[in-house]
Amino acid sequence: MKKMLVSVVSRVLSGIAAQKPASRVLVGSCNYSKQATFEIKKCDLYRLEEGPPASTELTREDGLKYYRMMQTVRRMELKADQLYKQKFIRGFCHLCDGQEACCVGLEAGIKSTDHVITSYRAHGICLTRGISVRAILAELTGRKGGCAKGKGGSMHMYAKNFYGGNGIVGAQGQLFEVYNMAALWKLPCIFICENNRYGMGTSVERAAASTDYYKRGNFIPGLRVDGMDILCVREATKFATNYCRSGNGPILMELQTYRYHGHSMSDPGVSYRSREEIQDVRRKSDPIMLLKDRMVNNELASVDEFKEIDGEVKKEIEDAAHFAVTDQEPTLEELGHHIYSTSPSFEIRGTNQWIKFKSIS
Ligand SMILES: Cc1ncc(C[n+]2csc(CCOP(=O)(O)OP(=O)(O)O)c2C)c(N)n1
């Protein structure tokens with residue numbers, strides 16, 4: 001089976017779908033159902049004869065795994081918000097709380113051996129690609145134990161088969177081409193546009209003549225997906241990966257989602273949209289709440305079980321945050337490494353910035 005490359009583009013978006021009830025429930029042991037079948041919102045299609053299914057099965061095991069992962073992303077982002085305000089985190093910081101179903105659903109629909117490139121709103125995908133909360137938070141605070149040794153920060157974290165966080169809007173497409181050409185991968189590709197309704201402080205309706213982003217690939221087929229529903233994202237991703245792997249060429253997926261925070265930590269996020277709008281999305285379409293309600297209503301898990309997971313996640317985040325504020329910073333010499341293949345290589349032009357810096361201090 002061919003590997004695949006997924007390029008996730010953080011962009012804007014609209015309309016979040018109402019949930020539909022589950023249909024069939026299979027009762028298992030231990031007082032819980034082992035799995036249930038849920039109706040999910042149909043995707044809008046572009047240049048496709050058929051799309052992802054309108055119903056899907058969720059096992060108790062997968063559901064609990066997705067819940068824990070989404071809750072970890074949510075709590076990690078809220079901790080990052082706190083650390084930023086305490087000035088432990090400096091510089092750019094783009095949080096993805098509200099968009100958890102996108103990164104967790106994407107990972108649920110691809111293989112760990114597939115390749116992923118994403119935009120600057122990268123923390124959630126870093127986690128789903130396998131980086132620990134500890135290594136992410138320590139990267140945000142610029143410490144040695146960070147996944148990029150404290151030198152990358154919010155937008156430059158990497159893992160196996162994961163090529164970052166990129167600060168340049170739209171760079172994912174070019175990077176994909178570069179990687180493809182350099183490695184002669186010739187990989188099939190899914191382009192994912194996370195449409196959170198705003199580009200910085202401008203609503204999509206103000207910015208674009210056509211907000212049908214899933215049609216923007218022109219000759220490339222597209223899907224518009226409810227990005228607040230992890231099951232919709234998972235099924236759409238599975239459909240898209242099958243489509244690409246079958247040799248049909250690339251496909252574009254627009255995930256309609258919402259970011260609870262502003263564009264970045266320097267944007268309070270309430271000057272161009274109302275607090276009521278944000279509250280409304282939280283109340284009606286929160287991705288974590290939707291999954292939890294579905295599972296409880298269909299006896300896949302109990303409220304107490306979710307509380308227990310919440311407690312474990314909270315502890316993991318607190319431990320990671322403690323590490324992130326107590327771990328050492330990289331040494332000045334280390335700052336010059338990993339920029340060129342010879343480390344450090346500042347002597348090339350007769351200067352060594354870090355030595356100069358040392359002598360000043
Ligand atoms: C090529 C380029 N131009 C401009 C910028 C500055 N910039 C950073 S984010 C951004 C807008 C991003 O909008 P979008 O991805 O739609 O949504 P958001 O991140 O606000 O959720 C811009 C113009 C950039 N990083 N790269």
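The dialogue below goes through some features of a predicted model.

Q: What kind of model is this, and how are residues numbered?
A: In this predicted model, local features need pLDDT of at least 70 and side-chain atom pairs count only at pLDDT 80 or more, while totals for chains, interfaces and linings use all residues. Residues are numbered from 1 along each chain as its sequence is written, and side-chain values use heavy atoms, with hydrogens and water left out.

Q: How many helices and strands does the chain have?
A: Helices (H or I, at least four residues) and strands (E, at least two) are DSSP runs, numbered from the N terminus. Here there are 12 helices and 11 strands.

Q: What percentage of the residues is buried?
A: Buried means under 20% relative accessible area, with a 1.4 Å probe and protein chains only. Of the 361 residues in the chain, 52% are buried.

Q: Which residues touch the most other members of the largest nonpolar core?
A: In soluble globular proteins, nonpolar side chains tend to be buried together. A nonpolar core is a set of buried Ala, Val, Leu, Ile, Met, Phe, Trp, Tyr and Cys residues joined through side-chain atoms within 4.5 Å. The largest one has 70 residues, and Leu-137, Val-225 and Met-253 touch the most other members. Helix α7 (residues 230–248) gives the most to this core, nine residues. A second, separate core has eight residues, including Leu-5 and Tyr-163.

Q: Which side chain does Glu-107 join in a polar contact?
A: A polar contact is a pair of N or O atoms within 3.5 Å; within protein, one must be able to donate a hydrogen and the other to accept it, and residues adjacent in sequence count only if both atoms are side-chain atoms. Glu-107 lies in helix α2 (residues 100–109), and its side chain joins that of Arg-129 at 2.9 Å.

Notes:
Buried < 20%, exposed > 50% of the residue type's maximum accessible area, 1.4 Å probe, protein only.
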